[in-house]
Amino acid sequence: MALSTVLAFLMMGAPTVGVSVVDAIPVSPLAAARRAGQPMNARKRFIFLTLIMVGACAMVMAVMTAMLYRHDIKAHRERLQATVQSQARLIEAMARHDAVYEKNTPGGPTAATLNQIIDAHEHYEGFGETGEFTLARREGDFIVFILRHRHGAVEYPASVAVNLDLSGPMGRALNGLSGTVIGRDYRGETVLAAHEPVAVLNLGIVMKIDLAEIRAPFIRTGLSAAAVALLVILAGTALFFRIGNPIIARLEAYSRDLEKEIEEHKRAEGALREYQIIVSNSTDMLALLSRHFVYLATNPAYLKAFKKTHDELIGHTVIDVFGEDFFKAVIKPHAELCLGGEEVNYQAWVDFPDYKSRYMDVTYTPCTNADDEIMGFVVIGRDITERKEAEETLRRQQAEQQIILNSVPAMIFYKDKENRFIRVNQALAEAAGMTIEEMEGESLFQLYPDLAEDYWRDDMEVMSTGKPKRHIIEPLETPEGKMWVETDKIPYRDEDGKIIGIIGFSLDITERKRTERARARLNAQLEAKNKELEQIVYVTSHDLRSPLVNIDGYGKELEYAIDDLRSALGSDKKPTEALEAAAQLLAQDIPDALRFIRTSTSKMDALLKGLLKLSQAGRAALTIKSLNMNELMAKVVEAIKFQIKEAGAVLDIGDLPPCKGDAVQVNQVFSNLIGNALQYLDPERPGAIRISGRVEGERSVYCVKDNGIGIAPAHRQNIFEIFHRLDPAKSKGEGLGLTIVQQVLGRLWGKIWVESKLGEGSRFYVALPAVQKYQ
Amino acid sequence: MNKEVVILVAEDDEGHAGLIRKNLVRGGIVNELLRFKDGQEILDFLFQKGDGPKRRPGASYVLLLDIRMPKIDGIEVLVQVKTDPELRKIPVIMITTTDDPREVERCHALGCNNYITKPVDYDKFVNSIRQLGLFLSIVEVPRIDGEGVG
């Protein structure tokens, strides 16, 4: 910044406060004038100038001609009158002479006189071009011309009534008038005439000349003069232009320059005024300091802040205002940097006379003079205390919020529209196994690539509807495995109510979820158990009733037999017949009845034992753990080695995946299945049993495959039924094997199903929970 | 009842079969009686399959059918008999220990002609068989023609 400019701004201090900005806008009067009257172009100017000069000349000439003309008329008039009067006197003299000496002349003396006149007139026709004498006498009321005339066709003009023409000169003469007149003669021409009565002869004499003749020289001279004048005017004008145009051009150029200069000056002045307004009205404190920290200039805000007048500050140093300590500690270090040529900005608490400490944002800008040397610096101080305090408050509030956020057990997070964490609390960071810093600002697509899409979908729903979404059950990956959380998401709005993200609250419900799942599993188990019990009750009631029917029935038969015996023995039949009948009863009916009764009781016993066994199997304590199925299967095979050998079957066991279950119960399951396979081998072909296994999702599935007789589709649904036997005649056992298998698997969260083809063999599939990371 | 009518008893329990026979005899039914041990045997007889005895064309039959039997149960036998255009004419009487109303209803829906529960109380059982004898004595038993179906 140039020193002079800065000074100029600062010097124009308070007095100009209030100058309206409108005044400062410069309006050039010259420009306005030029718009109003454009200068004529050269052609117009030429014509205009010529016309003026022509007018002037014409006026002068007219005045001169009029004066000369009037003088000429007067001379003519006098000459004519003198001549006519002398003529009249001459004629009168002649008449008087003739009256005396020519009395003898024919016609009398009058005629003699007239003849002499006529004769004389014959020799002197007139003067000039049109000048002539006329002589007339009065005959009654008519004028009779005596002399021949010069003009026209008429030798002698016709008589004219005297009374009728007093305007004519002759009329006036014959009426005795003497003088001059401008009027019409006998031809109707306008003439200048002198008229005189001739007393002796009662004649009138007129001497006249045409006015046209008098005017003619004037017209001729006038025309010549006008022509000459016109030429001179044209030449003069041209000459004038030749000389005047360059001068005009120079003048115009000069005028334009001047105008521009004025405008520029005004603009500069206006700009300066605007700067001045800005500086004076700025709430920022502005000051110009010299290299030696002396105030050169300040604005009103600066003065006001330090409660100083202009004179109290200018010429003093900053040390006077701020004190030695503050100067050394704060001002000097920064100012020295600035005087080194760079702009310096810093914030500091500053004490003011009236206020408490204010937090100031201070800028020092180096100031150069015309030679580009740093002469001092401009100080701009701005009070940012409120901003600072607001920032402090905000920081404190945020810290408080963070404490609250971190101390609640819920996991809390703010997310933006791009699925990024804006803020997370300690609980969430701990659960996620990261630090707050690692999570904030990070996209969930980065942190949880597998789950981010699902989280994001809920966010989008909340943001698009603007309504909270509650009770979202979702997983969260943690270092300890999958955590289940229940999350509420609400829209996150800015001050204008615009949705800028979501706020989420998550609660760890893994335990609850686990309990729920266990409960659901338990319910399913209970349901299965109930069904199973129902079936057992149903089947048992039937199967127990069957032998009861026999016991009761054959008991009754025994009674009949006893009755028959009694009647046979006690009858009056012949003893041989009676004995025969008794023998018949003893040999057939009674042993039969007893046999049925005994069979039925032992059947009932077997059934009850079976039920007990089932009940025991269902009540056995379970120890669920990971089972090495390869080891377990080896133990199973070891136990039934003998039966396998006896059946002549080949047993092939593949590699089996582990599962979760109770070792004793799972052993029972496979013992039963292999036992069944051995029992129902096809005698037609050597038995082959294969056991295999694989993991399918969350469960391990094992298959016991045989090449035995197979199961017809119609029987397949019954094979798991309690006490059901495919062929009681051929097979041993109480029909409990598969029932127990099913029951055991039900308790171990497992499942059994069968695929079979009659005559080809069966495949029994057993599914048990697989061993996996998360449970 | 026509003496030519043969009574077929499908009953896995030998004792039950004996009781039925004895009581029918006491009730005066002395027709020929054939006993089958399970559902498979009676179906083989009726459809003239396998190695065992076979149905005679032109003869008249009445079928007493237990429900719970090995291999093929009575319900399945009932279904097969009642879906055969010729065999369906044979009157079928269910004789079973089960008195579950659903079971009774199911058998009636499938087309059984009568349903008798085997009561443990012997007198009731005897009474039931007597009633059966009465039923058999009044029922019109058609001849079953043809060489069998299927």
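# A guided reading of the predicted model

In the hairpin formed by β4(A) and β5(A), five residues lie between the strands, and Gly188(A) there takes a positive phi near 90°. Helices (H or I, at least four residues) and strands (E, at least two) are DSSP runs, numbered from the N terminus. Two strands pair if DSSP finds at least two bridges between them. Strand β4 (residues 179–184) and strand β5 (residues 190–198) of chain A run antiparallel and are joined by six bridges. Within this pair, Ile182(A) stands opposite Leu192(A).

This is a predicted model, in which local features need pLDDT of at least 70 and side-chain atom pairs count only at pLDDT 80 or more, while totals for chains, interfaces and linings use all residues. Residues are numbered from 1 along each chain as its sequence is written, chains are lettered from A and ligands numbered from 1 in the order in which they are written, and side-chain values use heavy atoms, with hydrogens and water left out.

Chain A is divided into domain 1 (5–10 + 282–383), domain 2 (39–265), domain 3 (390–508), domain 4 (516–614) and domain 5 (621–769); these bounds come from an automatic or database domain assignment. The centres of domain 1 and domain 3 of chain A, taken over C-alpha atoms, are separated by 49 Å.

One open sheet of chain A has five strands in the order β8-β7-β11-β10-β9, with antiparallel pairing. Its edges are β8 (295–298) and β9 (344–350) of chain A, each with a single partner strand, so one side of each is left without a neighbour in the sheet. On average, neighbouring strands of this sheet are turned by 25° against each other, direction ignored. Axes here are lines fitted to C-alpha atoms, for helices over the stretch in contact, and angles run from 0 to 180 degrees between N-to-C directions. Strand β7 (residues 285–290) and strand β11 (residues 374–383) of chain A run antiparallel and are joined by six bridges, with Leu288(A) opposite Val378(A). Helix α11 (residues 385–407) of chain A lies across β9, β10 (358–368) and β11, at about 130° to β10(A). In the loop between β10 and β11 of chain A lies Asp372(A), a residue other than glycine with a positive phi near 70°.

Strand β15 (residues 481–493) and strand β16 (residues 499–508) of chain A pair in the antiparallel sense over nine bridges, and Asp488(A) stands opposite Phe505(A). Contact means heavy atoms within 4.5 Å.

The next topic is the interior. A nonpolar core is a set of buried Ala, Val, Leu, Ile, Met, Phe, Trp, Tyr and Cys residues joined through side-chain atoms within 4.5 Å. Buried means under 20% relative accessible area, exposed over 50%, and partly exposed in between (1.4 Å probe, protein chains only). Of the 48 residues in the largest nonpolar core, Met629(A), Phe670(A), Leu673(A) and Phe764(A) touch the most other members. Helix α20 (residues 663–679) of chain A gives the most to this core, with seven residues. Domain 4 (516–614) and domain 5 (621–769) of chain A both give residues to the core, so it lies between them. Not counting residues up to four places away in sequence, Phe764(A) touches several residues, including Leu673(A), Tyr702(A), Ile719(A) and Trp753(A).

Helix α20 of chain A also holds Gln665(A), which is buried at a relative accessible area of 8%. Leaving out residues up to four places away in sequence, Gln665(A) touches Ala617(A), Ala620(A), Leu622(A), Val744(A) and Leu748(A).
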